[in-house]
Amino acid sequence: GGPFGGCIGQLPHLASNYAAICALSLCDNVGNCWDKINVAAIYRWLLSLKQEDGSFKTCLKVGETDTRGVFCALSVASMLGILTEELCEGVEDFLVSCQSYEGGFGACAHEDEAHGGYSFCAIASLCILGGLDNIDLSKLALWCSQRQYNAEKGFCGRSNKLVDGCYSFWVGSTAAILEWHGVGECINKEALKQYILYCCQNSKRPGLRDKPGTNPDFYHTNYVLLGLAIAENACFISNKINDHDSPFLISPDHKDFRSASGLLPINPIYGLPVENLYRFNQHFT
């Protein structure tokens with residue numbers, strides 16, 4: 001009916017739509033593929049997932065509701081230029097209610113412990129909505145700082161958990177958004193880079209991994225590389241994010257800058273290269 005499923009014959013799901021739209025944004029409109037996206041159908045489907053508390057169901061009838069679903073819905077809608085007042089009604093209130101006493105965000109309101117992935121989803125969503133100043137930013141910054149262990153220098157996702165390479169992005173990008181909003185630097189980016197380069201690579205296998213002793217996989221390769229891009233590029237961003245600014249305008253001071261590892265700068269809200277994301281959004285707006 002228009003939105004994307006994980007595979008042929010599968011029900012459309014918010015995570016699948018997020019993955020599909022992000023992948024298509026990297027394709028430079030090859031074969032006019034961007035014009036083949038059924039934007040109107042996706043918008044109607046997103047509205048059908050909207051819940052009374054401002055959250056989104058990840059899949060009709062069988063899906064759950066959490067901050068992850070909100071981020072997938074808002075990122076897709078904003079990238080496609082269909083982020084309407086109707087779609088956003090009540091969403092900010094739901095997200096604000098998900099900040100825990102620790103400072104980070106859980107999956108649902110007043111229920112879950114703070115988690116690196118859900119914290120990213122919440123703060124990235126609030127950035128899209130222009131609502132960052134409605135949460136306790138200093139407490140969130142402290143929580144991000146506490147996720148970086150002194151010994152390993154990498155991030156864990158929750159209190160008293162082991163480090164995991166994927167949180168290089170989930171927590172690293174959350175910290176980057178806070179820094180670019182003017183909160184200040186709350187993580188050691190150089191130490192994070194060392195964890196990634198020394199602990200997440202394996203000389204015998206390609207790809208990147210969670211930690212020493214585990215095998216590389218696509219998931220960790222993606223998010224560890226994004227975390228490395230954050231660690232190497234964050235200090236080149238100087239413009240404070242204001243609530244009225246477009247989330248697509250976050251970019252490095254040096255237009256053609258590449259990091260020491262050769263990685264392009266990424267937009268921390270969407271986890272996509274700055275130029276690709278900007279061109280994709282401009283196509284639809």
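A residue is called buried when its relative accessible area is under 20%, exposed when that area is over 50%, and partly exposed in between (1.4 Å probe, protein chains only). Helices (H or I, at least four residues) are DSSP runs numbered from the N terminus. The structure is a predicted model, in which local features need pLDDT of at least 70 and side-chain atom pairs count only at pLDDT 80 or more, while totals for chains, interfaces and linings use all residues. Residues are numbered from 1 along each chain as its sequence is written, and side-chain values use heavy atoms, with hydrogens and water left out.

**Helix H3**

Begin by selecting residues 67-79, which form H3. Of the 13 residues of H3, 12 are buried, so this helix is largely enclosed by the rest of the structure. The buried set includes Thr67, Phe71, Leu74 and Met79. From its first C-alpha to its last, H3 reaches 18 Å, close to the 18 Å expected at 1.5 Å a residue (the expected span is 1.5 Å times one less than the number of residues). Just after H3, select Gly81, which takes a positive phi of about 75 degrees.

A salt bridge is a side-chain nitrogen of Lys or Arg within 4 Å of a carboxyl oxygen of Asp or Glu, and the structure holds 8 of them. Glu64 and Arg68 meet in one at 2.3 Å, N to O; Asp66 forms another with Arg68, with the closest N and O atoms 3.6 Å apart. Asp66 is buried, at 5% relative accessible area. Shared partners join Glu64, Asp66 and Arg68 into one network of salt bridges. Glu64 is partly exposed at 38%, and Arg68 is partly exposed at 27%. A side-chain oxygen of Asp66 also comes within 3.1 Å of the backbone nitrogen of Arg68.

For a further salt bridge, select Lys211 and Asp210, whose side chains meet at 2.8 Å, N to O. Asp210 counts as buried, at 13% relative accessibility.

**Ser25 in helix H1**

Move to Ser25, which is found in H1. Ser25 is buried, with a relative accessible area of 1%. A polar atom of the Ser25 side chain lies 2.6 Å from the backbone oxygen of Cys22. Beyond its neighbours within four places in sequence, Ser25 is in contact (heavy atoms within 4.5 Å) with Trp34, Met79, Leu272, Asn276 and Phe280.

**Two loops**

Select Asp28 in the loop between H1 (14-25) and H2 (39-49). Although Asp28 is not a glycine, its phi is positive, at about 50 degrees. Asp28 is partly exposed, at 46% relative accessibility. Then follow the chain to Lys61, in the loop between H2 and H3. Lys61 likewise is not a glycine and has a positive phi, of about 75 degrees. At 80% relative accessibility, Lys61 counts as exposed.

**The nonpolar core**

Which of its 83 residues touch the most other members? They are Ile37, Leu46 and Leu80. Helix H8 (residues 167-180) supplies the largest share of this core, 9 residues. Centre the view on Leu80: not counting residues up to four places away in sequence, Leu80 touches Ile21, Ile37, Val39, Ile42, Phe280 and Phe284.

Conventions. Core = buried A, V, L, I, M, F, W, Y, C linked by side-chain atoms within 4.5 Å. Polar contact = N/O pair within 3.5 Å; in protein donor to acceptor, adjacent residues only side chain to side chain.
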